[in-house]
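Good morning. Please have the sequence and the model open, and I will go through a few parts of it in turn.

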Amino acid sequence: MINQSKIIKAGLTVALIVGATIFFGHVYPHHLHYQEQFQIFMFTGSYAAEVIMTPGGLADYLGRFFTQFFFSSGLGAILIGLLLAGIQLAMWGLMAERPLWAYPLSFIPSIALWMHLCDENSLMGATVAVLLSLLCALAARQIKNPMVQLVVMLITTPLMLWLCGALGVAYPLVLLARMKWHRAWSAIAWVCLTACVVAGTFAAQRYVHALPLGRVVSGIHYYRFPQIIAAWPWVAVLASAAIALVSRWLKPVAKGSKMRYAVLGALIVVIGGSGFAGVNRCSDMGKEELMAYDYWARTKQWSKIVDKALKKNPDVPMSVACLNLALAKTGQLADYMFLFYQNGSQGLLPTFVRDFTSPLATSEAYYHLGFLNTAQRFTFEAQEAIPDFQKSGRCYKRLAETSMLTGNKAVAQKYIKSLQHTLVYRNWANWAQEMLDNPDGLKDNPEYSWLSAAQSRGDFYYSEDEMDSMLGLLFQQSSTNKMAYEYLMAWCLLNKNLPRFEQCYPIGAGLGYDHIPMAYQEALALHWTRLGNPLETIPWVVSDQVCQRMAQFIADVQAQRPRSYMLNAYRGSYWAYYFFK
Amino acid sequence: MHLKTCFDDHKGFSRKLSGGFIGAFLAMLAGCTAETSQNASEVAAMPGIWPDYIGVTVPRNIAPLNFNMADSALAMDVSIQGADGTVIRSQGSEASGISIRQWHKLLDQNSGDSVMVTVAAKYADGWRQYRPFPIYVSHDSIDYGLTYRLIAPGYEVYSKMGIYERNLSNYDEKAILENTQVDGCMNCHAYNQCDPDWYSMHVRGSHGATLLRKDGEMAVYDTSTDATLGLCVYPYWHPSGRYIAYSTNNTRQGFHISGKKRLEVFDYASDVQAYDTETGQLLAPAILKRDSVWETFPAFSPDGASLYFCAAAPQEIPQGLDQVRYDLLKISFDPATGRFGQEIDTVIHASAMGKSVSWPKPSFDGKHLAYTLSDYGNFSIWHPESDIHILDLATGESKPMALANSEDADSYHNWSSNSRWMVIGSRRDDGWHTRAYICHVDDEGNASKPFLLPQENPRRYYDQQYRSYNIPEFVKRPVDLDKFEAERILTSPDRIKMKVKGREE
């Protein structure tokens, strides 16, 4: 018969794995995609050496190793679940007394790290560092002679601090906390000695790597912004030490006693409930939504973007830019762009900011338009802006693509070679290498062959203030580049520049529209009437429905209907955008 | 890698030995470089190697010029023979793996002569031996090392970067200062005629300042003043060590939508001035800060009696950017009084030729002046057409350094302290990443074929090096910069404020 307590413990651990897997795999998957894109894990000795040589390098290396699997959110979620369970089991193993009812206590460090991982800038290195430290403490615990154990701890503490970084302090802390001291003075002496060893190691790390002391002490691979101290991993470390300390005084509740399960149940409710509340508080579903848009744009899942927007309008420039790109790629921009929330030209081609996220989404639009140099620049700049100085697999791929398409074979080759050392991008890189060797093969790839033909060729300077001219020149160079034309039209409409719209509108005559797109009809009708012309004399083929609605709109304006009425009555029209946004 | 190659190559051979494992192991060690091209087929052509070191001239104290086969050879066997018959030999699966000690000994023995390199490469169908090629060994030695900034060749944003020092006799590289230690963009570093006891290093960003070290003393300065355009950049030391010439530039960037050129860096205004380290005054004469002229890139002559600089007539930017053309000018300077002359001479009237001069660098022996010539503008590293030219200061004749230049951008350059070696920033390898090439320059200003800065395994190193070599400068000895002291003074708010002469109040 299986021991009942073993079933309970296994059940709770499995619940942690399943909970984390469901959360990161289904509720929060795009945070994992987001994480993966800001690193490039290469299976080369020099990459391993470069990462591992730094303080906390081993934890960082392993953290990056796990993060590469986040490209598949399901796999990444399972890995996170297993790592958190590993930490929980290690914590349980490190408790001095282990009555069943105290089992939920061992979940506290894992929950703290789960909360840490809800932050999009948290790095896996912290989770790995805590796991390695606890596993090391677990190994040291096997030494029966307390004095030998202390000496071993003292000797191996610098090693752990080098391999795991500052969070490696969990190793001596937990060991010291769970020891049974016979004399207070010896406890104080060992704590002081350990503190000296820790301080000495930090000083040595600073000296060897010439890093600011604050960064060494707070840890350098736990958070994407090196100057920010990630709090939750430290909560996990302190909680580990506190639990190890408290566990010395835990008493078992007699078997068969109702109290045994009542206390267990109460702890499960308190710790589980706190964990749920904590994770809920630390997670940011707004960012998750934004990351979803970026991920779908990156992976060209245009219909998912449109479906998502139909359920809930995006409202920040980055997600609106992804939506407009998706509308253009699915042939719906000209007709339906004003059915969705629009925040001006910033939602079409956002202005460049020195940041590692928004330029990536913007570069997608430039790439698909055929502004390959600009797409390359935005990608390059985003990569350079990654705060912890890592490089990005996503960026390397785009830099290789744009270099290949603009004819810079040597640079493309350089990026492709690096990508060939990765797991996620290897297949693409091998294919791209074949294309470099045999460029005619590119013709069989619809995206690349189209971009090869449609890319901007005539040289001029990029100017955010003259985007309409840039788009117009791009269209002039490739008169089949429908997306360039529709972006030009959209740029004019979003900037409410109707004269420019009217001026540019005819250049798209050869694009084969079977009707004037809805947004254009509304804009043309508006422009015509604003010039003081009667609607009946409009020279373009505007549908009767649009004309009638325009006439009604004019009547409503003249009747001075309230703004809320107008917004509601003309929702989804260009006029609502023109007058009320 | 060397042993690994031997092991791989000798697996079959060792299995034939009947003496078991020990015998096989000893045989493997003893015959480490024994597997060669005894039955190699001979090829009449030179080997296809990368970097191309065929026929280059090297100083006798340079690190071994390791190379890789440009194709997918499985292994290589390299023999280097001196004029006296001495041969050194190495094998490698990827790179030539030349021993540093043996290389230096061989070069010392053949100084002023040449060594012949014979390459055999292993392929699936066996070994092939190529025609030997020479490497010429100059009598002229090279300085201890090279310093440079490593930074990704980007646009406005930068990731990890820093100033690094490389020992030219081996492959050791160390960071002088990195932005992991002090947040900021660091560049514009200059030494006084390769003497690292005197340096000026500019840091931009939240801890922005100019780090000056004069005769061993380090201090940080705020170089901006109300009377100048902004921060002092592009430093050049007066040979006396008393003055440093700077320019102040109102710089912007422009981005090409298509074509090979990606970026333009240009000025809306610029002036030239000199800082007197003894009086703490910035000398900014009106003749060097005219609104009608953009002055930049100052460089003192080796005798200290004049200052070279580039100057262009202002244009509307960006429309007129391709009309901005800089001439090379000169003005006299009296080091005793710190006074500039009243007349400016035109040394190279490049604008009349439809060209533009940047980065004037006089040789320290006073015989030549090297400069970059491009079609327009002054940030020539982003111009594929830019080439290095050399001016004979005695005759006034100017010519391109034909052997040293390439099809792509060859731009920033600097002289060794003995004026016999020049380092060039060149994008010849892939058109984007700047690499340091070194060439010999003889008394007549003729450059030899340049060689790429050697690495232990150049293919692997440069494939994985995504940063450019920026502002390479020779140094006579290691740079003695206390990183922690530099961090302390840069991160403190205290700065010595530069004051313009005559406006000290």
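Strand 14 of chain B (residues 195-204) and strand 15 of chain B form a hairpin with four residues between them. B:Gly205 sits in that turn and has a positive phi of about 110 degrees. Helices (H or I, at least four residues) and strands (E, at least two) are DSSP runs, numbered from the N terminus. The two strands run antiparallel and are joined by five bridges; two strands pair if DSSP finds at least two bridges between them. B:His202 has B:Thr210 in strand 15 as its bridge partner.

Before I go on, the conventions. This is a predicted model, where local features need pLDDT of at least 70 and side-chain atom pairs count only at pLDDT 80 or more, while totals for chains, interfaces and linings use all residues. Residues are numbered from 1 along each chain as its sequence is written, chains are lettered from A and ligands numbered from 1 in the order in which they are written, and side-chain values use heavy atoms, with hydrogens and water left out.

Back to strand 15 of chain B (residues 209-214). Strand 15 also pairs with strand 16 (residues 217-222) of chain B, antiparallel, over five bridges. B:Leu211 stands opposite B:Val220 there. This hairpin has two residues between its strands, and B:Asp215 in the turn has a positive phi of about 55 degrees. Buried means under 20% relative accessible area, exposed over 50%, partly exposed in between (1.4 Å probe, protein chains only).

Strand 5 (residues 75-81) of chain B is also largely enclosed, because five of its seven residues are buried. Seven bridges join strand 5 to strand 7 (residues 114-123) of chain B, antiparallel, with B:Ile80 opposite B:Val117. Strand 5 pairs with strand 6 (residues 87-92) of chain B as well, antiparallel, over six bridges.

Now chain A. In helix 9 (residues 170-178) of chain A, eight of the nine residues are buried. Their cover includes helix 5 (73-94), helix 7 and helix 8 (146-164) of chain A.

Where do the two chains meet? 38 residues of chain B are in contact with 38 residues of chain A, contact meaning heavy atoms within 4.5 Å. Between them the chains bury about 3,500 Å², 54% of it on carbon and sulfur atoms. Buried area is the accessible area (1.4 Å probe) that two parts lose on being put together, summed over both.

A cavity is a set of points, on a 1 Å grid over the protein atoms alone, where a 1.4 Å probe fits but cannot get out; lining residues have an atom within 4 Å of a point. Grid points are joined across faces, edges and corners, and a volume is the space filled by probe spheres set on the points.

The largest cavity holds about 230 Å³. Among the 23 residues that line the largest cavity, B:Pro235, B:Tyr236, B:Lys361, B:Tyr412 and B:Glu473 are the closest to its centre. Strand 13 of chain B gives the largest share of this lining, five residues. The second largest cavity has a volume of about 130 Å³, and helix 4 of chain A gives the most to its lining, with four residues.

Methods:
On a 1 Å grid over the protein atoms alone, a cavity is a set of points where a 1.4 Å probe fits but cannot get out, and a pocket is an open set with protein on both sides within 12 Å along at least five of seven lines; lining residues have an atom within 4 Å of a point.
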